[in-house]
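Welcome! Take a moment to look over the structure below, then follow this short briefing through it.

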Amino acid sequence: MTSNACCLLLNFPFQVRSLTNYTSNNKNFPFLRLTNPSSLRLQPPPISAPQSKATSAAMETEQSTATNTSTSTSSSGSCPPMNLLFVEMGVGYDQHGQDITAAAMRACRDAISSNSIPAFRRGSIPGVTFDQMKLQIKLGVPHSLQQSLDIERVKSVFPYGKIVKFEVVDGGLICSSGVHVEEMGDKNDDCYIVNAAVYVGY
């Protein structure tokens, strides 16, 4: 039995460009016999040229820069490690006067005013003293008002604990109070709202 084909795929470390005129003999144990060996053209696989040291260094620098950029973005506002105990949350408003700092201070007071933390003073945490208490403050403030926020005034709300991180993110709200009261310092009827999260640990 004789058959013709235009292409034959071989498990061979070369690329076969053309293979024609092969004959398969013996029905039980067929094998291939090339009747026209000159038609078989073998071409080694392409080998990429080695990179120069300068090229490799440039690629490594580019990869390192991309990694560092990603890391700095994801770790923005990073702080020393802290053993977190609990989280306090609050909200503050300034209905008249349009003072975003006042709203932020009220949010922080709201977060801490209904909590008592005796563990630090009583030594309830083995090996931890009162002086080791740490705080992380996160405020949600409308973006357009963040430059007007007095961070030092907000920090003064906390009577003790070392503030190791203070973060301001887009959040809160500007809404209408429904009334413009000039005698209360209103410039308009805007009401400012700030959200606060206080992380306590050591």
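In this model, Gly-140 stands opposite Asn-195 in strand β9. This is a predicted model, in which local features need pLDDT of at least 70, side-chain atom pairs count only at pLDDT 80 or more, and totals for chains, interfaces and linings use all residues. Residues are numbered from 1 along each chain as its sequence is written, and side-chain values use heavy atoms, with hydrogens and water left out.

**The chain as a whole**

- The chain has four helices and nine strands; helices (H or I, at least four residues) and strands (E, at least two) are DSSP runs, numbered from the N terminus.
- Starting at the N terminus, the order of the elements is β-β-β-β-α-β-α-α-β-α-β-β-β.
- Of the 202 residues, 26% count as buried; buried means under 20% relative accessible area, exposed means over 50%, and partly exposed lies in between (1.4 Å probe, protein chains only).
- The accessible surface of the chain is about 13,500 Å², and carbon and sulfur atoms hold 53% of that surface. Such areas come from the Shrake-Rupley method with a 1.4 Å probe, and for residues only the protein chains shown count as cover.
- Among the contacts in the chain with a separation of 6 or more, 68% are between residues 24 or more positions apart; contact means heavy atoms within 4.5 Å.

**Strand β9 and its partners**

- Which residues make up strand β9, and how many of them are buried? The strand covers residues 190-201, and nine of its twelve residues are buried.
- Strand β5 (residues 84-94) pairs with β9 in the antiparallel sense over ten bridges; two strands pair if DSSP finds at least two bridges between them.
- In that region, Asp-94 stands opposite Tyr-192 in β9.
- Strand β6 (residues 134-141) also pairs with β9 in the antiparallel sense, over seven bridges.
- Strand β8 (residues 173-176) runs antiparallel to β9 and is joined to it by four bridges.
- Cys-175 has Cys-191 in β9 as its bridge partner.

**A look at Val-87**

- Val-87 is found in strand β5 and is partly exposed, at 35% relative accessibility.
- Val-87 and Val-198 are 111 residues apart along the chain, yet their C-alpha atoms are separated by 5.6 Å.
- Leaving aside neighbours within four places in sequence, Val-87 is in contact with Val-198 and Tyr-199.

**Salt bridges**

- How many salt bridges does the structure hold? There are three, where a salt bridge is a side-chain nitrogen of Lys or Arg within 4 Å of a carboxyl oxygen of Asp or Glu.
- Side chains of opposite charge can pair when their charged atoms come close.
- Arg-106 and Asp-94 meet through their side chains in a salt bridge, at 3.0 Å from N to O. This pair links distant parts of the chain, with Arg-106 in helix α2 (residues 100-112) and Asp-94 in strand β5, twelve residues apart.
- Lys-155 forms a salt bridge with Glu-152, and their closest N and O atoms are 3.9 Å apart. Because they are three residues apart in helix α4 (residues 151-155), about one helical turn separates Lys-155 and Glu-152.
- Lys-155 is partly exposed, with a relative accessible area of 29%, while Glu-152 is exposed, at 55%.
- Glu-167 and Lys-165 form a salt bridge as well, at 3.7 Å from N to O; Glu-167 is partly exposed, with a relative accessible area of 22%.
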